[in-house]
Amino acid sequence: MDLLPILSKVELFDGLTDSELADVARICKQREYRTGQTITSQGEPGGELFVIADGFVEVLVSPSSQNPAPRTVVHLGRGQLFGEMALVDYGPRSATVKSIADHTLIQTIDRDDFNRLCEANHHLGFIVMRNMAADLSFKLRHYHLTGR
Amino acid sequence: MSAIYKVSYVVIGESHPGAILNTDHKPNVGDHITLGGREFILVEIVDLMPARGEFHFLHATLRPAPA
């Protein structure tokens with residue numbers, strides 16, 4: 001599968017050169033999920049970033065051990081990323097993420113591979129980190145507008 | 001380069017959690033939007049952040065479509 005047309009439409013990689021996109025494509029691994037399959041689990045260690053190439057996922061959060069019933073906080077579709085918090089802060093997964101569509105295609109990026117790429121190419125590292133911050137900002141604005 | 005619209009969808013009138021996704025076409029008021037198998041009507045759309053490159057950042061408010 002030619003990943004470049006897919007990655008070029010992901011905001012995280014907006015501003016990268018074709019050569020840099022090709023470097024990113026080399027560290028991507030594709031996974032496919034069916035409806036109901038869990039991709040990440042809240043509280044578990046996480047060392048990967050996930051980019052939705054196709055399909056839909058739901059993000060669920062259990063507020064506390066006293067109130068463990070998970071609440072869906074958002075659905076994410078094509079072009080969105082998740083897992084970025086654990087990627088940069090090395091903390092446990094902050095949410096459980098499940099596929100809510102058959103044939104949900106996810107590109108995964110390992111933290112160590114990602115860090116090596118950012119350290120080897122500071123332009124790439126700056127662009128991706130800037131875009132990741134913008135994505136977190138977008139999610140925060142969305143969250144505020146949901147009125148929760 | 002063609003525009004890519006990153007849209008924050010929020011549903012009013014029920015407890016749907018909303019969604020974020022990319023689309024190749026700019027959504028417009030009156031559009032029918034399907035999220036998770038449910039159909040909604042777009043009632044408002046605004047720019048959430050200034051566009052950057054080919055990416056446009058929008059916020060859309062949805063209501064459940066009449067059954």
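I began with confidence: chain B averages a pLDDT of 92, and 99% of its residues score at least 70 (pLDDT is the predictor's confidence in each residue, from 0 to 100). The predictor gives the complex an ipTM of 0.89 and a pTM of 0.91.

This is a predicted model, in which local features need pLDDT of at least 70 and side-chain atom pairs count only at pLDDT 80 or more, while totals for chains, interfaces and linings use all residues. Residues are numbered from 1 along each chain as its sequence is written, and chains are lettered from A and ligands numbered from 1 in the order in which they are written.

I looked up the sheet next. Nine strands form an open sheet with mixed pairing, in the order 2(A)-7(A)-4(A)-5(A)-2(B)-1(B)-5(B)-4(B)-3(B) (strands are DSSP runs of E, at least two residues, and helices runs of H or I, at least four, numbered from the N terminus; two strands pair if DSSP finds at least two bridges between them). Strand 2 (38–40) of chain A and strand 3 (32–35) of chain B are at the edges, each with a single partner strand, so one side of each has no neighbour in the sheet.

Where do the chains pair? I found strand 5 (residues 71–76) of chain A and strand 2 (residues 19–23) of chain B paired in the parallel sense over two bridges. Leu76(A) stands opposite Ile20(B).

Last, I checked Phe13(A). Leaving aside neighbours within four places in sequence, Phe13(A) is in contact with Leu7(A), Ser8(A), Leu21(A), Val24(A) and Val128(A) (contact: C-beta atoms, placed from the backbone, within 7 Å).

Methods:
Two residues are in contact if their C-beta atoms, placed from the backbone, lie within 7 Å.
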